[in-house]
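Hi,

Here is the structure I promised to pass on.

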Amino acid sequence: MEMALVKSSNIKAIGHSKKTNTLHVEFKGGKTFAYDGVLSKEYSEMMRAKSIGSHFIYNIKKRIIGVEVVDSPEIKCEGCGDCNKVGS
């Protein structure tokens, strides 16, 4: 999944799969999380928001539980197919 660098105090990069409506958020601390059920419209609104971090918290994180993405070739993502996720 292609990730776009963003200006945010906590978020480093964001990517979205239109095919599966999965949002990937890479935080500046180094961890990446996948959020299933994020529509393209929601992704576009977040990318245009004055504060990407605040928009993410109030419109996505409060509604959808993120699943950590890990670098492991043995684990394949069941949602988007583009990442490896830990948990369900």
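**The aromatic cluster and what surrounds it**

Phe27, Phe33, Tyr35 and Phe56 are linked into a cluster by ring pairs. Bear in mind that this is a predicted model.

There are three aromatic pairs in the structure. One of them joins Phe27 and Phe33, edge-to-face, at 6.0 Å centre to centre with 70° between the planes. Phe27 is buried, at 14% relative accessibility, while Phe33 is partly exposed, with a relative accessible area of 22%. Tyr35 and Phe56 make another edge-to-face pair, with ring centres 5.2 Å apart and planes at 80°. That pair ties together distant parts of the chain, since Tyr35 sits in strand β4 and Phe56 in helix α2, 21 residues apart. Both Tyr35 and Phe56 are buried.

Now to helix α2 itself. Its buried residues are Ile52, Gly53, His55, Phe56 and Ile60. Looking down the axis of α2, they fall within an arc of 155°, so they line one face of the helix. They pack against β2, β3, β4 and α1.

Beyond its sequence neighbours within four places, His55 contacts Glu42, Glu45, Met46, Ala49 and Ile60.

Last, the core. The largest nonpolar core has 14 residues, and those with the most contacts inside it include Tyr35, Met46, Phe56 and Ile60. β2, β3, α1 and α2 each give two or more residues to this core.

Cheers

Notes:
Residues numbered from 1 in each chain as written. Predicted model: local features only at pLDDT ≥ 70, side-chain atom pairs only at ≥ 80, totals over all residues. Heavy atoms only, no water. Contact = heavy atoms within 4.5 Å. Buried < 20%, exposed > 50% of the residue type's maximum accessible area, 1.4 Å probe, protein only. Helix = DSSP H or I, 4+ residues; strand = E, 2+ residues; numbered from the N terminus. Arc of directions from axis to C-beta. Core = buried A, V, L, I, M, F, W, Y, C linked by side-chain atoms within 4.5 Å. Phe/Tyr/Trp six-rings, centres within 6.5 Å; stacked < 30°, edge-to-face > 60°.
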